[in-house]
Amino acid sequence: MKYIFEENTQDKIVAAISSAVCVKSNAAAKKTIVFLDTLDKRLMKSSMALIQSGKDYELHDFDISKPVLKVALRRKTLPKLWQDFPEGVFRETLKNTIDFRALVKLTEAELDIKSYNVLDAAKKTVLRFSFEKLFITTEDGNIKIIDRALIIRPVKGYDDFKKKILPVIAENGVNKARDERHGFEVLLNNLGLHMGTVRPIEISSPDISTAEAVLEIHRYLFQKMQEHERGVLLDVDSECLHDFRVCVRKIRSALSQVKDVFDSEVLSPYKDNFKEIGRITNKTRDLDVYLLKKDYYLSILPEALRPVLERFFRKLRTKGKLESKKLRSYLLTEEYAGFKKEWEDFLYLKKDCIGKNACKPAVVTARKYIRKSYKTVMLKGRSISPSSIDDELHELRIECKKLRYLMDFFSPLFLERGIKNLTEQLKKLQDCLGVFNDLRVQQDSLFEKLHEVKHYKHDPLFLAAAIGGLLTHIDMEKRKTRMAFAEIFKEFSSRKNETLFEKLLIED
Amino acid sequence: MNIVSIYNIKGGVGKTAAAVNLAYLSAFDGFRTLLCDFDPQGSASFYFRTQPSEKSKVKKIIRKKKNVLENVKGSDFENLDILPAHMSFRKFDIVLEKQKKPGEVIRNLFKGMETHYDTIFIDCPPNITLLSENIIAASDKILVPLIPTTLSVISYQKLLEFILRKDMDSSKLLAFFSMFEKRKSVHRDTVEKVPAQSGGIFLTTAIPYSSVIEKMGLTRQPVPASNPNSPASAAYVRLWNELKKHLFAPISN
């Protein structure tokens, strides 16, 4: 329970409460608190915050406005992964929320607390109250108070004491806070971070023009791209690069699929630049994917072949670090920074609508391109047979991605028409095609490595045998996935889903 | 949700101390924990400085779960609540006998409590009655503290036979030695030999006889809170860790 009080009335309030009940004072505490989360804000999406103060870590639940789990952990550096915490409920909760993502520092603040316990005749604590001030020090050295409140925490089963105290504090100028948010939530919200599911792309109004909608979509994607870019630069975890690449891919998709909005000559250099960024990140990502698969690869090989594969992965890791360094160097170049500035200017400075779609309602344009993309997916999907080559499935996968991106971009305009359900159906198809493509890419790369084995100094025969073993296993998995595809596409292209797509795209 | 009773026909064997300390450790670990003090002596309630409300008479409590929840009190420790004992609990058996399915009352009472609690500990009175049968039937595990002496072991055997006669699951019983004094040869022999001979499951942790545990009545706190560095505290932590394995990763015999 949060209350607001006038400054410098703390002592008066405590004296008033003490005249009504027995109060025990606790030592004042001043702590520096650090907020941790993954770059994709997995804790915040679950309405939680991980807060560190000294050796103490707590998981704060914003839905009930209090810490739910605490643990002590002595470390020189901040923990990065759930595995860095001691075994127990805390670690398990973190594991289930953040999975393999690494923790980063979101922000830091200072918290002053003066707390008191109200005791009954048996000296049992029946209520707790504390004066809490949360503040930050700004860049110019000033103190900025984020939140200042009297927090009352009744103990279950002792309502009488709460009822005794409330009138007393009311008489002393204490009022219930209108803003019930916990100070931590206020702080994070001030930074633009919000609890619960991170908002999807927002299109501000259903009557928005195509040009404005496309700009909003690009602004959102660009912001996300820069967030993930920070993760890549800090080398937080390998998923940051994946997320960065996905953003770049989505930007390229939005540029190429929704046509005739802006001058194509103006857009052309941006398209080329984003393509180049995608290309530059390829090698690092390919190596990351290999390294992520390491444990899986080792598990499917006989023990005798594992040591040689371990050595092989060590070399890959070294190579991966080098490629990662090259990538980070590129992201720090003036050329890259210059390109970003130009793109940002394009997104935010006024420009004329010159394409034929620019001034049309966004919903009309969205329908047109989603319909076109959906038809392409259905055509390509239906043409795939057991004798089709792998490339055909790869092409279908690309078309599914384009459709999915369009549906994601414009989903705010179709929420009432069940677009989320259709996106889930499409996702099942994409997942299957994704697995198939992963296996295909692994197979191709391993064949390449096989050709290079003769140059390998340590046990080339063993390495060849190991790669051969992996290739056999991957081929079996690929065939299973290929067989599963037929059923999954049949479900996706069912009459039921066709009807749902028709309903989605029908004009008002 | 897990329900753990601490039970023995004999009194003075360390039941309440075990219930209080294990409930504390469960809460400390982050589990939402409720300690039900069904012993009308109210020792567990005393340790946590909680008093029952007048509305928490046994007739009302067993009627529905809502009545239990309304009479629960928060302890001084995060995640730990207490259902304090009420004097009317001495009439538990009489009240239970008048119910439609007297053997299932406690089990039904705790159904659906998993939205509120992860672990429920029950401090049971030292007798063998309809209430005991109810608690045994409702529990996932029954911890049986034993002082390592002949008479204590005999009472354990009687309990085991009683469980088997009633066709209840004897693997629920987890015995452990309590108030163990290393300097006594009888204690040492019993701890060493009885587990293998008994036919029941024994936890390996023995809680030592300790003045720190006796002083709980003065500190009115669980031992890991008042004396976290004591051997007694370490023993309860080991006991809790063993119990956790049985609760969350059951070992098949």
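**Helix packing, cores and aromatic rings**

Chain A has 16 helices and ten strands, taken as DSSP runs numbered from the N terminus (helices H or I, at least four residues; strands E, at least two). This is a predicted model, in which local features need pLDDT of at least 70 and side-chain atom pairs count only at pLDDT 80 or more, while totals for chains, interfaces and linings use all residues. Residues are numbered from 1 along each chain as its sequence is written, chains are lettered from A and ligands numbered from 1 in the order in which they are written, and side-chain values use heavy atoms, without hydrogens and water.

Student: How are the axes of H10(A) and H15(A) oriented to each other?

Tutor: The axes of H10(A), residues 306-331, and H15(A), residues 460-492, come within 9 Å and cross at roughly 90 degrees. Because angles of 65 to 115 degrees fall in this class, H10(A) and H15(A) are roughly perpendicular.

Student: Which residues touch the most other members of the largest nonpolar core?

Tutor: The core has 73 residues, and such a core joins buried Ala, Val, Leu, Ile, Met, Phe, Trp, Tyr and Cys through side-chain atoms within 4.5 Å. Leaving aside neighbours within four places in sequence, Phe410(A) is in contact with Ile203(A), Ala213(A), Ile217(A), Val258(A) and Ala366(A). The residues that touch the most other members are Trp343(A) and Phe410(A).

Student: What class does the ring pair of Tyr270(A) and Phe346(A) belong to?

Tutor: Tyr270(A) lies in H8(A) and Phe346(A) in H11(A), 76 residues apart. Rings pair when their centres lie within 6.5 Å, with planes under 30 degrees apart stacked, over 60 edge-to-face and the rest tilted. Here the centres are 5.5 Å apart and the planes at 45 degrees, so the pair is tilted.

Student: What share of the residues in chain A is buried?

Tutor: Chain A has 508 residues, among them the aromatic cluster of Phe262(A), Tyr270(A), Phe274(A), Phe339(A), Trp343(A) and Phe346(A). The buried share is 48%.

Definitions and conventions. Axes are lines fitted to C-alpha atoms, for helices over the stretch in contact, and angles run from 0 to 180 degrees between N-to-C directions. Angles under 35 degrees count as roughly parallel, over 145 as roughly antiparallel, 65 to 115 as roughly perpendicular and the rest as oblique. Buried means under 20% relative accessible area, exposed over 50%, partly exposed in between (1.4 Å probe, protein chains only). Contact means heavy atoms within 4.5 Å. Rings of Phe, Tyr and Trp (its six-membered ring) pair if their centres lie within 6.5 Å; planes under 30 degrees apart count as stacked, over 60 as edge-to-face and the rest as tilted.
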